[in-house]
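Colleague: Please take a close look at a single helix and describe how its packing and its charged side chains connect it to the rest of the chain. Kindly state the cut-off behind each term that you use.

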Amino acid sequence: MALVLEDGTGLSTSNAFVSITEANAYFVARSDTTWTAVAPTDALKEGAILYATRILSNCYEWPGTILDDGATPQALAWPRNYAWDRDGRELLLVPSLVKDATCELAKFELSNPAATAVSRNQTLSSVSLGKLAVSFRDDAPTLAFLPFISKLLAPILIGSSFTARAIRG
């Protein structure tokens with residue numbers, strides 16, 4: 001599936017927050033060679049970007065509302081109306097923090113395929129109904145990337161425990 005980059009207008013067909021070129025530039029600017037090492041082909045990079053965009057678009061609570069005009073449903077969670085960061089700056093188009101998180105999550109997916117390849121539902125060791133209990137096998141993968149990504153996105157996430165502001169009394 002080809003990347004359809006969100007251009008800031010709330011496309012109904014977009015499926016990516018960043019292009020391969022943007023992701024490559026992001027990692028070059030940080031002297032991070034892992035991206036190229038784990039994704040030597042554009043096809044691998046494209047798949048990881050699609051995955052990361054889908055996770056970020058669907059698994060976080062963002063401020064504001066999507067641009068959806070009702071006629072053509074917006075495909076992704078960004079861009080948004082009425083969205084500001086914790087410092088009161090308006091968030092326009094696809095914020096750079098969302099693009100950065102997309103790159104980092106795409107790299108994580110390629111670097112740790114076992115961590116995201118198996119659903120925890122496939123690794124249940126037991127389930128009970130009385131007093132509800134769920135147990136996972138010891139080798140069950142965890143979503144280890146979420147704390148890192150959440151910290152990166154903290155300035156723009158709703159209800160992030162990383163966004164608490166201290167106020168002197």
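Modeller: A salt bridge is a side-chain nitrogen of Lys or Arg within 4 Å of a carboxyl oxygen of Asp or Glu. The model is predicted, so that local features need pLDDT of at least 70 and side-chain atom pairs count only at pLDDT 80 or more, whereas totals for chains, interfaces and linings use all residues. Residues are numbered from 1 along each chain as its sequence is written, and side-chain values use heavy atoms, with hydrogens and water left out.

The protein has six helices and four strands, where helices (H or I, at least four residues) and strands (E, at least two) are DSSP runs numbered from the N terminus. Along the sequence, these elements follow the pattern α-α-α-β-β-α-α-β-β-α. Of the 169 residues in the protein, 39% are buried; buried means under 20% relative accessible area, exposed over 50%, and partly exposed in between, for a 1.4 Å probe and protein chains only. Among contacts between residues at least 6 apart in sequence, 57% join residues at least 24 apart, with contact meaning heavy atoms within 4.5 Å.

The part examined here is helix H4, residues 96-111. Its axis comes within 8 Å of that of helix H3 (residues 42-58), and the two cross at roughly 120 degrees. Axes are lines fitted to C-alpha atoms, for helices over the stretch in contact, and angles run from 0 to 180 degrees between N-to-C directions. H3 and H4 are therefore oblique to each other, given that angles under 35 degrees count as roughly parallel, over 145 as roughly antiparallel, 65 to 115 as roughly perpendicular and the rest as oblique. The crossing of H3 past H4 is right-handed; a crossing has this hand if the near helix is turned clockwise from the far one by less than a right angle, and is left-handed if anticlockwise.

On the H3 side, the contact is made by Leu44, Ala48, Ile49, Tyr51, Ala52, Thr53, Ile55 and Leu56. H4 contributes Val98, Ala101, Thr102, Leu105, Ala106, Glu109 and Leu110. By class, the contact of H3 with H4 has 12 nonpolar, two polar and one charged residues. Here Ala, Val, Leu, Ile, Met, Phe, Trp, Tyr, Cys and Pro count as nonpolar, Asp, Glu, Lys and Arg as charged, and the others, Gly among them, as polar.

Alanine 48, in helix H3, is buried at a relative accessible area of 2%. Apart from neighbours within four places in sequence, alanine 48 is in contact with Ala106 and Leu110. Threonine 53, also placed in helix H3, has 0% relative accessibility and counts as buried. With neighbours within four places in sequence again set aside, threonine 53 is in contact with Asn15, Ala16, Phe17, Leu76 and Thr102.

Helix H4 also packs against H1, at an angle of about 85 degrees and with the axes 10 Å apart. That makes H1 roughly perpendicular to H4. Glu22, Ala23, Tyr26 and Phe27 of H1 make the contact with Lys99, Asp100, Cys103, Glu104 and Lys107 of H4. The residues of the contact of H1 with H4 divide into four nonpolar, no polar and five charged.

The charged side chains come next. A search of the whole structure finds six salt bridges. In one of them, lysine 99 pairs with glutamate 22, the closest N and O atoms being 2.8 Å apart. Lysine 99 lies in helix H4 and glutamate 22 in helix H1 (residues 20-29), so the pair ties together parts that are 77 residues apart in sequence. Lysine 99 counts as partly exposed at 21% relative accessibility, and glutamate 22 counts as partly exposed at 29%.

Glutamate 104 counts as buried at 12% relative accessibility, and lysine 107 counts as buried at 15%. A network of salt bridges links Glu104 and Lys107 with Asp32.
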